[in-house]
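The stops below go from one selection to the next.

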Amino acid sequence: MAHRVTLIPGDGIGPEIISAARRCVEATGVKIEWEEVIAGSDALAATGELLPKAALDSVRKNKVALKGPIITPIGEGFRSVNVAIRQALDLYACVRPAKSYPGVKSNYQDIDLVIVRENSEDLYAGIEFEEGLKQTKTLIEEIKNLSKKNIREDSGISIKPISKFASKRIVKFAFEYALKHNRKKVTIVHKANIMKFTDGLFLRAGREVAQEYAGKINFDEAIVDNMCMQLVQKPHNYDVLVLPNLYGDILSDLCAGLIGGLGIAPGANIGDNLAVFEAVHGSAPKYKGKNKVNPTAMILSAVLMLDYLNEKKAAADLEEAVKAVIAEGINVTYDLKPSPNDPLAVGTKEMADAIINKLKKL
Ligand code: NAD
């Protein structure tokens, strides 16, 4: 039976990389009925809304989506359409594998890490109070009274909610992910020494969950600043990292850097029975319509989607084909060539063609 998948092309380079990923998925032979919906600039032009209800309803109905990056125009009501989608669908776990592929320029080899980022709360909850507003002043007075600490009157305030519920949920997700994907260790990353009631809560909730997996998956913990140094110095000591939202966002880019950049970093946003697969990178507007950028991050996001759909062989084959094309280094985009101005670099479509050709030969 065919899987039904919502397809959201997105903005900027989105339609080009989504088309590349769709063709690669189809070349695996897995039957997919795609339901294409619009969100982002196209949706704003057509419907007056950046994130039409029809797009969210389609994901709710099909339970799985492949999504291109979406621009967030400044001053259009949303902080980020991408964050709004994750919040509306309660896609609480952001999974971002960082894996080295031979042939990609990088200072590191054999990296194989997975970032599991809490997606629903922390400083990304969007609870902010602008400097100078009456309500901000009221809040500042209230906080000063309650905490007996000084806050400058001309401060802006961002709220960092971290709950026991969401902390346990994400750490449990990380351990279950580790079990399912034959991982050996989960590291909880935090700043509990400073933020005792938010990061401290995250850590305590995490330790509690970790006990359930004792003997099955190793567990350790690290303070986020130290973790950054460890990842740069000894990335091979780590396996699955689970972090609150903000640190997860920052460390996923750090890990994308370890493996050679955003062009090859895939991602998934997963909830209890819904999942949206998208690259870590954004819509790179300057390359829109130029058939220039690397489709790999989007194609590897589709590999994660096939794995989620339990199409294990198709997922493994597609990854193998991507790996082979990158290792050959011939039909690859500019960012995977020794010099970005290499005249022999191919376009987005041609790199996808090469991956499809490899798939056929596996
Ligand atoms: P970006 O990731 O779009 O691009 C930054 C740079 O990275 C590009 O200029 C390019 O040099 C490189 N790059 C990105 N993707 C590449 C690829 N596939 N191949 C080769 N090189 C690639 O980041 P940005 O410029 O900060 O953001 C642009 C827009 O994207 C913003 O509106 C932002 O809000 C949005 N965004 C969306 C998402 C998402 O949809 N999940 C994520 C991040 C940013």
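The tour begins at the ligand and then moves to pairs of helices.

This is a predicted model, in which local features need pLDDT of at least 70 and side-chain atom pairs count only at pLDDT 80 or more, while totals for chains, interfaces and linings use all residues. Residues are numbered from 1 along each chain as its sequence is written, and side-chain values use heavy atoms, with hydrogens and water left out.

**Stop 1: the ligand**

The selection holds 21 residues, and the closest are I70, N82, G282, A284 and N294. By type, this shell has ten nonpolar, six polar and five charged residues. Here Ala, Val, Leu, Ile, Met, Phe, Trp, Tyr, Cys and Pro count as nonpolar, Asp, Glu, Lys and Arg as charged, and the others, Gly among them, as polar.

**Stop 2: nitrogen atoms of the ligand**

Show E278, whose side chain has a polar atom 3.1 Å from a ligand nitrogen. At Y334, a side-chain N or O atom is 3.1 Å from a nitrogen atom of the ligand. At N294, look at the backbone: a polar atom there lies 2.9 Å from a ligand nitrogen. On its own the ligand has 820 Å² of accessible area (Shrake-Rupley method, 1.4 Å probe), of which the protein covers 67%.

**Stop 3: packed helices**

Two packed helices are described by the angle between their axes and the distance between the axes. Angles run from 0 to 180 degrees between N-to-C directions.

Select residues 14–27 (helix α1) and 296–308 (helix α10), whose axes are 8 Å apart at an angle of about 45 degrees. The pair is therefore oblique, the class left after roughly parallel (under 35 degrees), roughly antiparallel (over 145) and roughly perpendicular (65 to 115).

Finally, select α11 (residues 312–328) with α12 (residues 348–361), whose axes come within 8 Å and cross at roughly 120 degrees. That makes α11 oblique to α12.

Conventions: A residue is near a molecule or strand if one of its heavy atoms lies within 4 Å of it. A polar contact is a pair of N or O atoms within 3.5 Å; within protein, one must be able to donate a hydrogen and the other to accept it, and residues adjacent in sequence count only if both atoms are side-chain atoms. Helices (H or I, at least four residues) and strands (E, at least two) are DSSP runs, numbered from the N terminus.
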